[in-house]
Amino acid sequence: AQSVTQPDIHITVSEGASLELRCNYSYGATPYLFWYVQSPGQGLQLLLKYFSGDTLVQGIKGFEAEFKRSQSSFNLRKPSVHWSDAAEYFCAVGAYNQGGKLIFGQGTELSVKP
Amino acid sequence: SQTIHQWPATLVQPVGSPLSLECTVEGTSNPNLYWYRQAAGRGLQLLFYSVGIGQISSEVPQNLSASRPQDRQFILSSKKLLLSDSGFYLCAWSGGQTGVNTEAFFGQGTRLTVV
């Protein structure tokens, strides 16, 4: 079955520390992978996407993610977290030419300590 | 630039009442349109998607229905709401061109509470 797993429901990091949010997927076809961020009560904003090519992708707000096919993973990273990064983060997988038909993970809530 | 509008932002409805949530997209034509639901503390689940006027695909059986009366308008409806319909509903659009990789763009959502 197709699925996305985000193993960490909640993560707390100190401001200025590095961050890695984990995402593992199970998908029968070539996956197209996305990370979205959601502030409380708001819609989702796309952070970055992977369709093909370089497996290390850069996104907005200083985020990056690395696609590792052998591990079925697409982990999100940021070298130095800012207090404004506190939000919920969703990993999602989709198929070619079906950009909005996505399977989402359960989300990881990020808290940032001063 | 393209924008997506959803309304209302919040809604409290009694059990058994009807529902109509509306979503419109501006600045693009022939988009693919989607309705997602986010239950409390959970991820998003795709409810419906549409590739054109009058074309609706349902992803999960439920008490809800969707319609697309115009190219850039997507409506989520129910004749009689259930308590289990409570949640955060998000509309999204993506490019409808074939052979093109696209991503989804989301609206701000509607918080529905059924009481």
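Q: How many residues of chain B are in contact with chain A?
A: In this predicted model, 23 residues of chain B are in contact with 21 residues of chain A. The two chains bury about 1900 Å² between them, 48% of it on carbon and sulfur atoms.

Q: What makes A:Lys49 and B:Glu103 a salt bridge?
A: The cut-off is 4 Å from a side-chain nitrogen of Lys or Arg to a carboxyl oxygen of Asp or Glu. Here the N to O value is 3.0 Å, and the side chains meet in a salt bridge. The rule finds two salt bridges across the interface of chain B and chain A.

Q: Which strands of chain B each supply at least two residues of the side that touches chain A?
A: They are strand S4 (32-38), strand S5 (44-52) and strand S9 (87-94). By class, that side of chain B has ten nonpolar, ten polar and three charged residues.

Q: Why is the pair of A:Tyr50 and A:Phe74 called tilted?
A: Stacked needs planes under 30 degrees apart, and edge-to-face needs over 60. The planes of A:Tyr50 and A:Phe74 are at 45°, so the pair is tilted.

Q: Why is the pair of A:Phe90 and A:Phe104 called edge-to-face?
A: Their planes are at 85°, so the pair is edge-to-face. Their centres are 6.3 Å apart, and the limit for pairing is 6.5 Å.

Q: How do you know whether A:Phe90 and A:Phe104 are buried or exposed?
A: Buried means under 20% relative accessible area. A:Phe90 has 0%, so A:Phe90 is buried. A:Phe104 has 6%, so A:Phe104 is buried too.

How values were computed:
Residues numbered from 1 in each chain as written. Chains lettered and ligands numbered in written order. Predicted model: local features only at pLDDT ≥ 70, side-chain atom pairs only at ≥ 80, totals over all residues. Heavy atoms only, no water. Contact = heavy atoms within 4.5 Å. Buried area = accessible area lost by both parts, 1.4 Å probe. Helix = DSSP H or I, 4+ residues; strand = E, 2+ residues; numbered from the N terminus. Nonpolar A, V, L, I, M, F, W, Y, C, P; charged D, E, K, R; others polar. Phe/Tyr/Trp six-rings, centres within 6.5 Å; stacked < 30°, edge-to-face > 60°. Buried < 20%, exposed > 50% of the residue type's maximum accessible area, 1.4 Å probe, protein only.
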